[in-house]
Amino acid sequence: MNPNDTTSPTLGRRTVLRLLGGAAVSATALGSAADAARAQSGTDLDSWFAQTSNYDGVVDKTGSSTVTVTVGAEANGGAFGFGPAGVRVDPGTTVVWEWSGKGGSHNVAAEDGSFESDLVGDAGHTFERTFDAAGVYKYVCTPHETLGMKGAIVVGDAGGATATEAADSTDSDAENESEAATDSAGEGDADLDAWFEDTSNFDGVEAQTGLQRVTVDVGAQANGGAFGFGPAAVRVSKGTTVAWTWTGEGGSHNVVAEDGSFESDLVSAGDHTFEHTFEEAGTYTYACTPHETLGMKGAVVVTDDEGGSNAQVAEPFGDPETERLGGIALAGTFGAMLASPALFGAFMWLTGEGGESAGETYPKENSE
């Protein structure tokens, strides 16, 4: 067989990884039809939205054939909200989620798995779904759920407090809600607004907990040029390694902790990296010394929970994009593997457990 024959491509690890992802999506889609019939009928949205700062009741949008919800609305300490958080619509209404482009990458993921968008950061991106069956459909932004980025679509006469009912309960529970909002802000966030006062690309702390390794760009576009860290602030788990990678733009930069706990060399070359593992919870602010006065500042907020589980699952594949997605996609993939011997065999091959054939590419050439 001619190895250059384009009709017989070599099947490598990255290709198989994509095939596995597609198979997992297909398997999920098969179950989604059944899931759609199980729209949640719970009546207590107050508990669902306990840490969602912009929820003030279900907004009545009945009578409209199409309803728009903003993804990345101002809420929960940054652009980490759906706006409005809760809406009531008629059966047959199409809900269109539209990205604001703020707060980093977001998605729209139903709690019951009946719908899920891509993880996107682009302004103007849209995702839509038509709700035919009455019920309460709860959903979240997966990366920012812990910050309170949650939503709900109430279809027809299903449960869910109206805005007026929620306002009545808000007056009596104001103190408790205030405490919940403070908790959702996370450890060490209180003084970050002052630290980032002159940093143009700071729009809140981007949640990247549960990962073993997180990447921050040095020389990102901000502050009038390539004078920013991207993202400016990240929230990670204890034990996470943060890797700063130079873009090669904006001249020479460094990474210097305000408390002196870490410091890189002053470098201008692209793809240079500097790493630091954060073993203790807290807020670590840092800057680029030559460009600090321009606003080139950053922060790493470290939580008490242990990190690394999602990244460790992704490690055998050697794919940084898989590491970022972590357990979100892999949970569905493993479920599909258990249901399909073929997928499970492919996974064993990928992870090097396939015996003598592990690590080979396919199709094999016929022996002479």
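How many helices and strands are there in the chain? There are 9 helices and 18 strands, and the legends below visit several places among them. Please keep in mind that this is a predicted model.

**Figure 1. The whole chain, before we zoom in.** Of its 368 residues, 42% count as buried. The accessible surface amounts to about 17800 Å², and carbon and sulfur atoms hold 48% of that area. Among contacts with a separation of 6 or more, 69% join residues 24 or more positions apart.

Figure 2. Asp198, in contrast, is partly exposed, at 36%. Look also for Trp195: the charged end of Lys297 sits over its ring, 4.6 Å from the centre.

**Figure 3. Arg213 and Glu275 join strands E11 and E16.** This view shows a salt bridge in which the closest N and O atoms of Arg213 and Glu275 are 2.7 Å apart. Arg213 is in strand E11 and Glu275 is in strand E16 (residues 273–277), so the pair links parts of the chain that lie 62 residues apart. Both ends are partly exposed, with a relative accessibility of 35% for Arg213 and 41% for Glu275.

**Figure 4. Gln208, a buried residue in a loop.** Gln208 is placed between strand E10 (206–207) and strand E11 (213–222). Its relative accessibility is 6%, which means that Gln208 counts as buried. The side chain of Gln208 has a polar contact, at 2.9 Å, with the side chain of Glu206.

Figure 5. Is Trp99 buried or exposed? With a relative accessible area of 3%, Trp99 is buried. This tryptophan lies in strand E5 (residues 93–99). A polar atom of the Trp99 side chain is 3.2 Å from the backbone oxygen of His106. Ala123 can be found here too: its C-alpha is 5.1 Å from that of Trp99, although the two residues are 24 apart in sequence.

**Figure 6. An aromatic cluster around Phe131 and Tyr137.** Which residues form this one aromatic cluster? They are Phe82, Trp97, Phe115, Phe127, Phe131, Tyr137 and Tyr139. The number of aromatic pairs in the model is 18. One of them, Phe131 with Tyr137, is edge-to-face, with 4.9 Å between the ring centres and 65° between the planes. Because its relative accessibility is 1%, Phe131 counts as buried. Tyr137 is buried as well, at 4%.

**Figure 7. Lys150 over the face of Trp48.** In this view, Lys150 lies 4.5 Å from the ring centre of Trp48.

Figure 8. The bond from Gly83 to Pro84 is cis, with omega near -5°. Pro84 is in the loop between strand E3 (78–83) and strand E4 (86–89). The bond from Gly230 to Pro231 is also cis, with omega near -5°. Pro231 belongs to the loop between strand E12 (225–230) and strand E13 (233–238).

Figure 9. Most residues other than glycine have a negative phi, and most peptide bonds are trans. Asn223 has a phi near 55°, a positive value in a non-glycine residue, and lies in the loop between E11 and E12. With a relative accessible area of 14%, Asn223 is buried. Asp271 likewise has a positive phi, about 75°, and its place is in the loop between strand E15 (256–257) and E16. Asp271 has a relative accessibility of 65%, so this aspartate counts as exposed.

Conventions. Residues numbered from 1 in each chain as written. Predicted model: local features only at pLDDT ≥ 70, side-chain atom pairs only at ≥ 80, totals over all residues. Heavy atoms only, no water. Helix = DSSP H or I, 4+ residues; strand = E, 2+ residues; numbered from the N terminus. Buried < 20%, exposed > 50% of the residue type's maximum accessible area, 1.4 Å probe, protein only. Polar contact = N/O pair within 3.5 Å; in protein donor to acceptor, adjacent residues only side chain to side chain. Salt bridge = Lys/Arg side-chain N within 4 Å of Asp/Glu carboxyl O. Phe/Tyr/Trp six-rings, centres within 6.5 Å; stacked < 30°, edge-to-face > 60°. Lys NZ or Arg CZ within 6 Å of the ring centre and 35° of its normal. Contact = heavy atoms within 4.5 Å. Areas by Shrake-Rupley, 256 points an atom, 1.4 Å probe, with all protein chains shown as cover.
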